[in-house]
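Please read it with the structure open beside the text.

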Amino acid sequence: MGHLKFVNGFSRWTKREKIAWLREHYLRNKPGSVEKLRLYWHQDEAEQALFDELIENVIGNYYLPFAIAPNFLINGEVYAVPMVTEESSVVAAASKAAKFWYRYGGFRAEVTGKIKTGHIHLIYKGNPLRLYDFFNRHKAEYLKRLKPFTERMDARGGGILSVQLEDQTLHIPGYYVIGFQFDTVDSMGANFINTVLEEWAEYMEEDYAREFGDGNLEIVLRILSNYNPSCKVRVEVQAPVESLETGMAPYEYVQRFKLAVDMARVNIFRAVTHNKGIMNGVDAVVLATGNDFRAVEAGAHAHAVRDGVYRSLSEAEVSDGIFRFGMEIPLALGTVGGMTRLHPMAQVALDILQNPSAEMLMKIVAATGLAQNFSAIHSLVTEGIQKGHMKMHLNNILRQLDATEEERRLLRDYFTNKKVHVKGVKEKLDEIRQKKDENF
Ligand code: MEV
């Protein structure tokens, strides 16, 4: 009777109606789920209304922890970096790396480009010369017609930087792309870009039909691109090898570290995991500041495979007695508009970061990604990843085992210098509980 669950007009129901329907069809044998949903509603109705309107069919709020990684020295300024993530060890790892590199002058970051892109994808079945001629004749006029949509961005020092017609017929017969380059200043610019593209496409369709009326032009897509190879930031740390205090002989350490990074440059299994470690840091700041982490993810992985082979985003080098570790990553971010200002916690995050420009945020995000990568590789080439990870994960295990405050304290003490694994924690907890029973 699965078809009884098919529903029409769901989005027009009130939140309470939606929940009643869910209870009826999906949560019948799940006592507590509906109460849990309500428990996480905001007590202040106006605050809750903001979230209710962000997306369709909202029934509750989904919490993630909002944390701080302090001591990020970036180009001489110290930042406390807000991070939102569910992974236990991520913030601890970022903080540890930030503190470590603080001693060596911190992170140097530089934005190497801020150009964003968008495209009109079309099929043209006529004589290509006619299309090129049409495009060239109308280009300046369309840029002028777009002024009402671009003047605010122009006034902020951004706008449309260039536009050109590109031949893609090698891949698909009749396929052409009108490529746009934009500077969206401090905004992520998605709405601005898409509006420009849709307007341009409309002018073009109308004019072409009026001038030729031959049905040869078909505009298929008008959309920004999340591949922004010219919207990038470079971040680096460096230190004299001899000065590195890592608990290992310095040259042995950097040699192993570099090997680990080099492996991720040639082996895709390692590369993907290596880059996932970078994205642990990147996404957490992107999310905290109300930016689009899916856009950043897609762009970063495309960059990682730019020469046809998927490689690590970061690279390590040892020369003239200096250890250098850095990466270049495309980051299309904003600090004004959209979610960055709408989400109350994103506002707090940006306040903590001293209301940075988009460029500064790019540097902070990249530094956090590199810090995360440094910590992961440091653990991997020294004690292994599980010790630190499971130490942070201990709290989650204890919660799952319903440990009391007292039991948690005892177990945290017990596992301070020991490897944490679920079986070991469970055994020790049983032992503590047994002892307690015997003492009664
Ligand atoms: C875990 O979330 C991330 C790591 O696997 C990254 C890496 O292996 O470099 C530790």
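**Notes on the model**

1. Phe66 stands opposite Val84 in β2, in a pair of antiparallel strands, β1 (residues 66-74) and β2 (residues 77-84), that seven bridges join. Helices (H or I, at least four residues) and strands (E, at least two) are DSSP runs, numbered from the N terminus, and two strands pair if DSSP finds at least two bridges between them. The hairpin of β1 and β2 has two residues between the strands, and in it Asn75 takes a positive phi near 50°.

2. On the basis of these remarks: this is a predicted model, in which local features need pLDDT of at least 70 and side-chain atom pairs count only at pLDDT 80 or more, while totals for chains, interfaces and linings use all residues. Residues are numbered from 1 along each chain as its sequence is written, and side-chain values use heavy atoms, with hydrogens and water left out.

3. An open sheet of four strands, paired antiparallel, has the order β3-β8-β10-β9. Its edges are β3 (108-114) and β9 (314-319), each with a single partner strand, so one side of each is left without a neighbour in the sheet. The twist averages 20° from one strand to the next.

4. Within that sheet, β9 is joined to the antiparallel strand β10 (residues 322-330) by six bridges, and Ser319 stands opposite Ile322 in β10. Helix α10 (residues 293-304) packs on the sheet, touching β8 (231-240) and β10, and its direction makes about 120° with that of β10; here axes are lines fitted to C-alpha atoms, for helices over the stretch in contact, and angles run from 0 to 180 degrees between N-to-C directions.

5. Leaving aside neighbours within four places in sequence, Ser95 is in contact (heavy atoms within 4.5 Å) with Ile68, Ala69 and Pro70.
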